[in-house]
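Here is my note on the model, point by point. Please read it with the structure open.

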Amino acid sequence: MEASPSAQAEAAVTAATTSAEADATPFTLELSDDQRDLRDWVHGFAEQVVRPAAHEWDEREETPWPIIGEAAKIGLYGFEAIGQFWADPSGLTLMLVNEELFWGDAGIGMSIMGTTLAAAGIYAAGTPEQLVEWVPQCYGTPDDPKVGSFCVSEPDAGSDVSSLRTRARYDEAGDEWVLNGQKAWATNGGIANVHVIVASVDPELGARGQAAFVVPPGTKGLEMGTKLKKHGIRASHTADVFLDDCRVPGSCLLGGKEKLDERLARAREGTKAKKQAAMQTFELSRPTVGAQALGIARAAYEYALDYSKQRVQFGRPIIENQAIAFALADMKMEIDAARLLIWRAAWMGRTGKPFTAAEGSMSKLKAGEVAVWVTERAIQILGGNGYTREYPVERMHRDAKIYTIFEGTSEIQRLVIARAISGVQVQ
């Protein structure tokens, strides 16, 4: 007698399950024990140390050195820590760390993780010897923590990094590079132990004529300009940086002069370019930046969810109102969708998979816009309370906005994605 359709289906499922169990599972979203333990450890620091201090440092608008010191002492801040996070072959650990820290507070989170961009700049363009020499100096020691700064943007060159005016001239007699110009919106600018400066060596070549340089601690000719008073992430230091005949040894050219000369020669011959210095760094960092925005969004969602269960109006908790419940459902869905894009991009970047559809930009774009949208919904759910500084969602909303602006505006991310998927140089 022939089996019923339902029995046949059940047999097929059983066979497929048995086959899958026999073979190694090629895909999983399950975190390893080490990843979960590290995530929980960082979450504990964010919950017990960062969150209680968030309001104070936002109001002070100062770098929270005591908290950076605490992070350094427990091994959360330092070159060894960033090396451990980056060494994860899945690429997810650094994303997990950033999400949890920024769940605690974005301003303090940026003061702890801002140095990572300088380290990424050195990693992207430097030699192994330069990596070993300079990355530890970006972080200092647990007893004397330092910060690093990656300086690209200028007053007239934000999204258009090809139009940088900062110049680097080689002085062959002294084997030195002489840097002149002004950098703007630099995280840790002027207070950093190590500055990584992107400058133009051959302006006629545009972005292809640029290179990255390390400015060692105490170098004359580098001065901090105006410290900016910002809308959000106010515990993170942002300032202009001035370079006035700033001389650095030839060895401070990331990648070395021989490689630079070869690259410039190819550019002059019209040979197709590889990625230029600033873009290499941003490609490495975009999923990480997305994870930061994700942490803010998740914090606002969780606060609004808890609030909606406790806030009683018209005789019942407001979560029982469909409008509130549906808003929270959408917030959760968007957060989870953003996380999947971030994890995909992080895995691709770590395993060397090319971003053929600009997956790194997708992750940053989605997460940044989700963070703004979710924090705005959180304020709406809290009503008048959400608009006051007595409740944290107001600060979270201010912190979220920068994620649609820095390291590539939402418009620039869409341009990058459009070019990648179309093969057309969309303007």
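1. A term first: buried means under 20% relative accessible area, exposed means over 50%, and partly exposed covers what falls in between. The model is a predicted one. At 47% relative accessibility, Asp245 therefore counts as partly exposed. Asp245 belongs to strand β7, residues 238-249. Its backbone deserves a look: phi of Asp245 is near 50°, a positive value in a residue other than glycine. Most residues other than glycine have a negative phi.

2. Ala358 is not a glycine, yet its phi is positive, about 60°. This residue sits in the loop between α11 (322-351) and α12. Is Ala358 buried or exposed? Ala358 has 5% relative accessibility, so it counts as buried.

3. Helix α12 (residues 359-382) packs with helix α14 (residues 410-422) at an angle of about 150°, and their axes are 9 Å apart. Angles over 145 degrees count as roughly antiparallel, so α12 is roughly antiparallel to α14. The crossing of α12 past α14 is left-handed. On the α12 side, the contact is made by Ser361, Met362, Lys364, Leu365 and Glu369. On the α14 side, Ser410, Gln413, Arg414, Val416 and Ile417 take part. By class, the contact of α12 with α14 holds four nonpolar, three polar and three charged residues.

4. Leu365 lies in helix α12. With a relative accessible area of 12%, Leu365 falls under the cut-off and so is buried. Which residues does Leu365 touch, not counting those up to four places away in sequence? They are Ser410, Gln413, Arg414 and Ile417. Leu365 and Thr404 are 39 residues apart in sequence, but their C-alpha atoms are 7.0 Å apart in space.

5. Helix α13 (residues 393-400) is mostly covered, with seven of its eight residues buried. Which residues of α13 are buried? They are Val393, Glu394, Arg395, Met396, Arg398, Asp399 and Ala400. Note the charged side chains in this list: Glu394, Arg395, Arg398 and Asp399 are among the buried residues.

6. Helix α7 and helix α8 (residues 128-139) pack at an angle of about 170°, with axes 10 Å apart. That makes α7 roughly antiparallel to α8. From α7, the contact uses Thr115, Thr116, Ala118, Ala119, Ile122 and Tyr123. From α8, it uses Gln130, Leu131, Trp134, Val135, Cys138 and Tyr139. How many charged residues does the contact of α7 with α8 have? It has no charged residues, with nine nonpolar and three polar.

7. Gly114 occupies the loop between α6 (106-113) and α7 (115-125). At 8% relative accessibility, Gly114 counts as buried. Not counting residues up to four places away in sequence, Gly114 touches Gly148, Thr187 and Asn188. Gly114 and Gly126 are twelve residues apart in sequence, and their C-alpha atoms are 19 Å apart in space.

8. Ser149 is found in strand β1, residues 148-151. With a relative accessible area of 0%, Ser149 is buried. Leaving out residues up to four places away in sequence, Ser149 touches Ala118, Ala186, Thr187, Asn188, Gly189, Ala192, Val194, His195 and Val196. Ser149 and Thr238 are 89 residues apart along the chain, with their C-alpha atoms separated by 9.7 Å.

9. Last, the nonpolar core. In soluble globular proteins, nonpolar side chains tend to be buried together. The largest nonpolar core here has 110 residues. Those with the most contacts inside this core are Leu101, Ile112, Leu179 and Ile381. Where does the largest share of the core come from? Helix α10 (residues 277-310) supplies it, with eleven residues. Leaving aside neighbours within four places in sequence, Ile112 is in contact with Phe45, Ile67, Ile68, Ala71, Tyr77 and Leu101.

Note on methods:
Residues numbered from 1 in each chain as written. Predicted model: local features only at pLDDT ≥ 70, side-chain atom pairs only at ≥ 80, totals over all residues. Heavy atoms only, no water. Axes fitted to C-alpha atoms, helices over the stretch in contact; angles between N-to-C directions. Helix = DSSP H or I, 4+ residues; strand = E, 2+ residues; numbered from the N terminus. Parallel < 35°, antiparallel > 145°, perpendicular 65-115°, else oblique. Left-handed = near helix turned anticlockwise from the far one by under 90°. Contact = heavy atoms within 4.5 Å. Core = buried A, V, L, I, M, F, W, Y, C linked by side-chain atoms within 4.5 Å. Buried < 20%, exposed > 50% of the residue type's maximum accessible area, 1.4 Å probe, protein only.
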